[in-house]
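Subject: Structure handover

Hello,

I am passing on the structure we spoke about. Please open it alongside this email.

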Amino acid sequence: MRRKASLILLACAVFCAALSPLTRWYAFPRLARIPANQYQDVVLEAKNATLLDYGTMRAKKVPQVTIVQTLKGDVTAAEKIEKSAHRPVVVWNALSYVQGPDGKMVSEVPERYIFDAHSQAPVHATGEMVDGDPVERTGIEFKWPFLTQKRDYEYFDAQTRATSPIHYKGTREFHGLKVYYFEQTVPWTKVPMPKSMPVKGITPQTVAKTGTTRWYTTVRRFWVEPVTGAPVYGEEIHQEELRGGTLLGGRAKVTAFAGDVKMREDYVEHTVALVRHNRTLVLALTSYVPWGSLTLGLLLLALSLVLEARARRPGDPAPARAAEPRPVSA
């Protein structure tokens with residue numbers, strides 16, 4: 001019985017030892033993926049901001065500017081792209097909608113972002129765009145990879161349609177989570193006018209005829225939970241200017257928007273709760289199950305060896321022999 005039990009324990013130990021690398025290196029890349037049908041929105045606010053009044057073409061202080069960012073997964077488009085890309089793909093239709101204190105639209109910029117469901121690396125396909133302009137992204141946008149590293153990443157800026165480094169600035173604690181802090185500075189850059197303008201009849205084409213151009217700079221900050229790669233908080237010190245041309249009435253420049261844009265507190269709490277839940281799932285695939293099964297395998301192996309040693313111990317009494325049958329005399 002001891003020999004049979006030791007063999008069973010040995011088989012279980014081998015299974016647990018094999019399960020450890022399989023979970024980490026085979027199951028994790030296939031199970032840890034952004035769902036193709038994901039939908040999320042977040043509200044950001046810039047209090048005491050400066051905003052251009054397009055009626056007077058003068059900048060003025062306003063109590064608040066609100067930015068609603070929406071991400072909606074396009075499952076049908078993702079399935080079509082997957083056939084040619086030969087890997088799991090997510091297609092996000094994003095919209096950044098800016099409204100003034102009166103609730104009226106200031107600008108809206110749609111995006112289509114196509115990326116690998118596990119690595120978050122961009123996937124180039126027809127339809128990739130920012131505000132209707134075709135783009136070919138390099139670097140990440142919106143989300144960091146699973147198991148984010150303490151290093152700089154390339155980050156795509158939708159305003160400039162260009163990629164530049166976003167720098168790792170250290171590890172911090174945020175709402176009880178260990179997070180990595182990243183920061184990117186985009187210098188003053190000439191950028192396209194939004195195709196949706198707040199004044200009827202004004203289009204990027206009519207503004208271009210006046211010779212007025214739009215310039216932009218920002219300091220972008222993210223607090224990223226490293227296991228999931230999800231930002232739990234974001235902030236931008238954002239500035240936009242219109243420069244030159246007849247539209248400004250002889251002035252060299254005018255502020256179109258300036259403010260410190262931050263996530264609204266209720267969305268921060270919701271995001272942190274969601275990230276905590278997803279963090280546990282990712283850790284199960286990368287740490288809990290691999291290390292737990294490996295430890296269990298070693299324990300089972302040790303127990304198997306102990307039973308095998310006891311089964312072979314010479315001091316055990318020999319089993320009693322059955323008495324030999326005696327001949328029967330007639």
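Below is what was found, from the whole chain down to single residues.

Please keep in mind that this is a predicted model.

Overall form. The chain contains four helices and 12 strands. Its C-alpha trace spans about 135 × 40 × 30 Å along the principal axes. The radius of gyration is 31 Å, whereas a compact globule of 330 residues would have one near 20 Å. Of the 330 residues, 42% are buried. Among contacts between residues at least 6 apart in sequence, 61% join residues at least 24 apart.

Strand 1 and its partners. Strand 1 covers residues 39-53 and pairs with strand 2, residues 58-73, in the antiparallel sense over 14 bridges. Within this pairing, leucine 52 stands opposite alanine 59 of strand 2. The hairpin made by strand 1 and strand 2 has four residues between the strands, and methionine 57 takes a positive phi near 60° there. Strand 1 is also joined to strand 12 (residues 253-263) by five bridges, and this pair runs antiparallel. Here glutamate 45 has lysine 262 in strand 12 as its bridge partner.

Threonine 50. This residue lies in strand 1. Threonine 50 counts as buried because its relative accessibility is 16%, and buried means under 20%. Leaving aside residues up to four places away in sequence, threonine 50 touches Ala59, Lys60, Lys61, Thr255, Ala256, Phe257 and Ala258.

Glutamate 241. This residue is part of strand 11, residues 230-243. Glutamate 241 is buried as well, with a relative accessible area of 9%. The residues it touches, again not counting those up to four places away in sequence, include Trp188, Thr213, Arg214, Trp215 and Lys253. Val254, Thr255 and Ala256 are also among the contacts of glutamate 241. The side chain of glutamate 241 makes a polar contact of 3.1 Å with that of arginine 243. Tryptophan 144 is 97 residues from glutamate 241 in sequence, and the two are 30 Å apart in space, C-alpha to C-alpha.

Helix 4. This helix takes in residues 265-311, 47 residues in total. From its first C-alpha to its last, helix 4 reaches 65 Å, close to the 69 Å expected at 1.5 Å a residue.

Regards

Notes: Residues are numbered from 1 along each chain as its sequence is written. This is a predicted model: local features need pLDDT of at least 70, side-chain atom pairs count only at pLDDT 80 or more; totals for chains, interfaces and linings use all residues. Side-chain values use heavy atoms; hydrogens and water are left out. Two strands pair if DSSP finds at least two bridges between them. Helices (H or I, at least four residues) and strands (E, at least two) are DSSP runs, numbered from the N terminus. The expected span of a helix is 1.5 Å times one less than its number of residues. Buried means under 20% relative accessible area, exposed over 50%, partly exposed in between (1.4 Å probe, protein chains only). Contact means heavy atoms within 4.5 Å. A polar contact is a pair of N or O atoms within 3.5 Å; within protein, one must be able to donate a hydrogen and the other to accept it, and residues adjacent in sequence count only if both atoms are side-chain atoms. The radius of gyration is taken over C-alpha atoms; the globule rule is 2.2 Å times the number of residues to the power 0.38.
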